[in-house]
Amino acid sequence: VVNQLASSPLFTVHIYNVFNGILPLLPLWVSIQVSLREIIFVFGLLWCEINREAVSEQLVTWHGDYVRYRRATTLNKRAKDLTSRMSNKGMWGKLKLMRSEYMRTMHENAIMAAVTGGGA
């Protein structure tokens, strides 16, 4: 019901086709039906335009959260994989696997620090 209310046209806007010389197949006047959804969308875009700094900061925060989430899931998957690989090894094999995983993690952390300018 809410979706139908948001999608039902409230009014029709007639816009003059300024590209008539470039796109002659389009009519001179274009009719667009405007619903509540389009009005909310336009006000959302206007708010983003007015508050560019806050939107930019929020996007950076979301990107950082996504990067940390991806890193955590990758490390979790790698830990499970390492556990399954270690179950068939002796003590020396387990130590070698742990050392190689430690060196790999240190290398990835150094790369992340260089790319992000700090810790990940």
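Predicted model: local features only at pLDDT ≥ 70, side-chain atom pairs only at ≥ 80, totals over all residues.
Leaving aside its neighbours within four places in sequence, which residues is Arg78 in contact with? The points below build up to the answer and go on from there.

1. **Fold order.** The secondary structure comes to four helices and two strands. Along the sequence, the pattern runs α-β-β-α-α-α.

2. **Overall shape.** The protein has a radius of gyration of 27 Å, whereas a compact globule of 120 residues would have one near 14 Å. The C-alpha trace spans about 80 × 35 × 30 Å along its principal axes.

3. **Burial and surface.** Of the 120 residues, 10% count as buried. The accessible surface comes to about 10,200 Å². Carbon and sulfur atoms hold 67% of that surface.

4. **Arg78.** Here is the reply to the opening question. Arg78 is in contact with Glu101, Arg104, Thr105 and Glu108, once neighbours within four places in sequence are set aside. Arg78 sits in helix α3, residues 52-86. Its relative accessible area is 11%. The cut-off for buried is under 20%, so Arg78 counts as buried.

5. **Arg71.** Arg71 is placed in helix α3. At 18% relative accessibility, Arg71 counts as buried. Not counting residues up to four places away in sequence, Arg71 touches Thr105, Glu108 and Asn109. Thr105 and Glu108 are also among the contacts of Arg78.

6. **Arg104.** This contact of Arg78 is found in helix α4, residues 91-116. Buried or partly exposed? Arg104 has 42% relative accessibility, so it counts as partly exposed. The C-alpha atoms of Arg104 and Arg68 are 18 Å apart in space. In sequence, Arg104 and Arg68 are 36 residues apart.

7. **Helix α4, buried side.** Gly93, Leu97 and Glu101 are buried in α4. The buried residues of α4 pack against α3. Glu101 has already come up as a contact of Arg78.

8. **Gly93.** Gly93 belongs to helix α4. Its relative accessible area is 18%. Buried means under 20%, so Gly93 is classed as buried. Gly93 and His14 are 79 residues apart in sequence. Their C-alpha atoms are 75 Å apart in space.

9. **Nonpolar surface patch.** Which residues form a nonpolar patch on the surface? Phe41, Val42, Phe43, Leu45, Leu46 and Ile50 do. Together they have about 660 Å² of accessible area.

10. **Phe41.** One of the patch residues is Phe41. Phe41 lies in helix α2, residues 36-50. Its relative accessible area is 55%. The cut-off for exposed is over 50%, so Phe41 counts as exposed.

11. **Where to look.** For the packing of α4 against α3, start from the buried residues of α4. Then view Arg71 with Thr105, Glu108 and Asn109. For the nonpolar patch, turn to Phe41, Val42, Phe43, Leu45, Leu46 and Ile50.

Methods: Residues numbered from 1 in each chain as written. Heavy atoms only, no water. Buried < 20%, exposed > 50% of the residue type's maximum accessible area, 1.4 Å probe, protein only. Patch = residues over 30% accessible without salt bridge, like charges linked within 9 Å, V, L, I, M, F, W, Y side chains within 5 Å. Areas by Shrake-Rupley, 256 points an atom, 1.4 Å probe, with all protein chains shown as cover. Salt bridge = Lys/Arg side-chain N within 4 Å of Asp/Glu carboxyl O. Contact = heavy atoms within 4.5 Å. Rg over C-alpha atoms; globule rule 2.2 N^0.38 Å.
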